[in-house]
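I opened the model to go through its strands, its core and its charged pairs in turn. My notes follow in the order in which I looked things up.

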Amino acid sequence: MDEKSSGSSSHHRLLLVLLMVLLFGVIMIQYVCPSKSECQMLHQLGSWFKDGGATGSRGRGNEIQDGLQRDPYIAEDGALVRFVPRFNFTKADLNRVVDFNIKGDDVIVFLHIQKTGGTTFGRHLVRNIQLERPCECHAGQKKCTCYRPGKKETWLFSRFSTGWSCGLHADWTELTSCVPSRMDSREVPENLPRNYYYITILRDPVSRYLSEWRHVQRGATWKASLHVCDGRSPTLSELPSCYSGDDWSGCSLQEFMDCPYNLANNRQTRMLADLSLVGCYNVSAMSEEERWAVLLESAKRNLRGMAFFGLTEYQRKTQYLFERTFNLEFIAPFTQLNGTRASSVEVPPETQHRILQLNRWDVELYEYARDLFLQRFQVARQQERRQARERRQQERRRLRGRLATKQGRQLKPTETPRQPERHSVVTEEQHKGKADGDSVESEMLLPEWWDLDENGTVEDYVDNVEQW
């Protein structure tokens with residue numbers, strides 16, 4: 001019995017020693033290797049150990065670094081540290097919050113651009129939002145049923161809720177002319193007109209282009225896309241095909257870039273613009289330069305007017321802005337995945353330059369979108385901090401009132417309040433008022449055990465008061 005007890009205690013001592021050695025090693029990493037680039041593996045080990053205890057949490061706003069709470073949105077990519085705004089936006093452009101009424105007739109419409117991470121985001125919409133009535137998703141079925149609370153009416157128009165009801169990967173031109181009639185034919189709204197909130201996801205043009213090439217190389221065609229504009233689909237002469245067979249599987253990147261009719265070129269600009277402004281797919285209506293300039297301005301205008309858009313490269317910020325815009329919350333945090341098929345493609349500098357040239361309008365649109373996106377994020381975070389500060393101030397005022405009430409109750413009616421040796425918190429202006437014979441009604445007396453020099457001001461005292 002004694003041998004077992006001594007053996008168990010020795011094991012405990014050994015584990016304690018090992019734990020102390022591990023803690024000491026993690027601390028020494030910060031001194032020996034202050035730069036992550038110099039000792040990347042050691043820093044990953046240290047960060048894993050420090051964050052390991054928080055893996056069960058939701059993962060937003062509770063990340064700890066160096067003993068302090070770390071901002072997960074800045075830690076995600078460091079974009080705000082380097083971000084310098086280039087474009088001037090109006091207050092209405094930046095303060096994007098909508099009054100989305102899921103119990104009424106409002107509808108969120110997701111414009112899904114190919115290879116932007118839209119499939120992942122679309123699944124978040126039907127499977128990852130905290131709702132009074134969650135979407136009903138069944139194994140083996142691509143579509144989910146997203147009904148409003150108490151109604152058999154859908155609040156989401158997307159691939160995973162209503163399917164491709166307006167055509168495969170319908171663009172802005174198609175959706176804005178198709179969605180209202182489709183929704184009204186399915187459901188009769190109680191209030192007209194119905195509010196439609198359009199949303200989309202954008203991606204870095206080079207990464208998106210390479211991803212689409214790899215997808216086409218594996219056999220994807222999107223031949224079912226309708227490309228309806230001004231009531232009709234384009235003719236074969238207006239929109240020729242890049243391949244003669246059933247698909248374009250096995251095509252090289254060079255072949256993909258050489259096709260002048262490839263819709264992958266500047267796809268994001270075209271899909272967000274109003275194509276009727278340039279004669280739809282009739283390229284003879286104006287010069288190519290003039291045509292794309294009109295499409296770019298239209299895409300920018302539509303992007304500004306959308307209820308929300310996100311960026312594939314900023315998953316956490318995309319989640320945050322969606323939640324704040326629609327006053328909805330996701331169950332699990334978004335994950336930033338950088339190991340895509342496009343990222344695994346090694347492209348020579350001259351080929352990257354060619355891709356940039358082929359997508360010059362998308363490059364300009366993405367820079368514009370990124371600027372607007374990060375400015376919106378900054379404004380939203382500033383508003384959140386200001387609201388939190390106002391709530392703290394209200395709580396302090398409430399606690400001051402409760403403290404004053406409790407101090408008054410502690411005095412007996414027959415007793416004359418004596419002046420204890422307490423610290424008075426009085427501002428410079430209040431001192432001046434006292435000198436003039438004025439009373440200071442806002443003065444608050446602190447307990448004699450509270451030392452101003454050591455413990456701080458009245459606000460610090462109130463912050464330390466838990467219950468009264």
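This is a predicted model: local features need pLDDT of at least 70, side-chain atom pairs count only at pLDDT 80 or more; totals for chains, interfaces and linings use all residues.

**Entry: strand β3 and its sheet**

I stayed with β3, which covers residues 107–111. Five of its five residues are buried. I checked the side-chain directions: V107, V109 and L111 point one way, I108 and F110 point the other way, and all are buried.

Next I went through the partners of β3. With strand β5 (residues 196–202), β3 pairs in the parallel sense over five bridges. In that pairing F110 stands opposite I199 in β5. With strand β4 (residues 156–157), β3 also pairs in the parallel sense, over two bridges. There I108 stands opposite L156 in β4.

I then wrote down the whole sheet: it is open, has four strands and runs in the order β4-β3-β5-β6, with parallel pairing. β4 and β6 (308–311) are the edge strands, and each pairs on one side only.

**Entry: nonpolar core**

Which residues touch the most other members of the largest nonpolar core? I found W155, F322 and F326, in a core of 75 residues. Helix α14 (residues 360–409) gives the largest share of this core, eleven residues. Apart from this core lies another one, of 19 residues; V206, Y243, C259 and L358 are among them.

I listed the contacts of F322, leaving aside its neighbours within four places in sequence. They are I108, F121, L125, I129, I199, F308, N327, L328 and F330. Two names on that list had come up already in the sheet: I108 from β3 and I199 from β5. As background I noted that nonpolar side chains tend to be buried together in soluble globular proteins.

**Entry: salt bridges**

I counted 14 salt bridges in the structure and looked at three of them.

The side chains of E367 and R86 meet at 3.9 Å, N to O. I checked the exposure of both: E367 is partly exposed at 34% relative accessibility, and R86 is exposed with a relative accessible area of 57%.

Are R194 and E187 buried or exposed? R194 counts as buried at 7% relative accessibility, and E187 is buried with a relative accessible area of 8%. Their closest N and O atoms are 3.9 Å apart.

For D258 and R354 I read 3.4 Å between the closest N and O atoms. D258 lies in helix α9 (residues 253–258) and R354 in helix α13 (residues 349–358), so this pair ties together parts that are 96 residues apart in sequence. D258 is partly exposed, with a relative accessible area of 44%, and R354 is partly exposed as well, at 28%.

I also looked for shared partners.

**Entry: the chain as a whole**

I noted 17 helices and eight strands. The chain has 468 residues, and buried residues make up 41% of them. Among contacts with a separation of 6 or more, 70% are between residues 24 or more positions apart. The chain exposes about 27,500 Å², and carbon and sulfur atoms supply 51% of that area.

**Entry: confidence**

What is the mean pLDDT of the chain? I found 82, with 72% of the residues at 70 or more. Over residues 30–59 the pLDDT is below 50, and this stretch has 28 contacts in the model beyond near neighbours in sequence. Residues 63–68 also have pLDDT below 50, with ten such contacts.

Definitions and conventions: Residues are numbered from 1 along each chain as its sequence is written. Side-chain values use heavy atoms; hydrogens and water are left out. Buried means under 20% relative accessible area, exposed over 50%, partly exposed in between (1.4 Å probe, protein chains only). Contact means heavy atoms within 4.5 Å. Accessible areas come from the Shrake-Rupley method with a 1.4 Å probe; for residues, only the protein chains shown count as cover. A nonpolar core is a set of buried Ala, Val, Leu, Ile, Met, Phe, Trp, Tyr and Cys residues joined through side-chain atoms within 4.5 Å. A salt bridge is a side-chain nitrogen of Lys or Arg within 4 Å of a carboxyl oxygen of Asp or Glu. pLDDT is the predictor's confidence in each residue, from 0 to 100. Two strands pair if DSSP finds at least two bridges between them.
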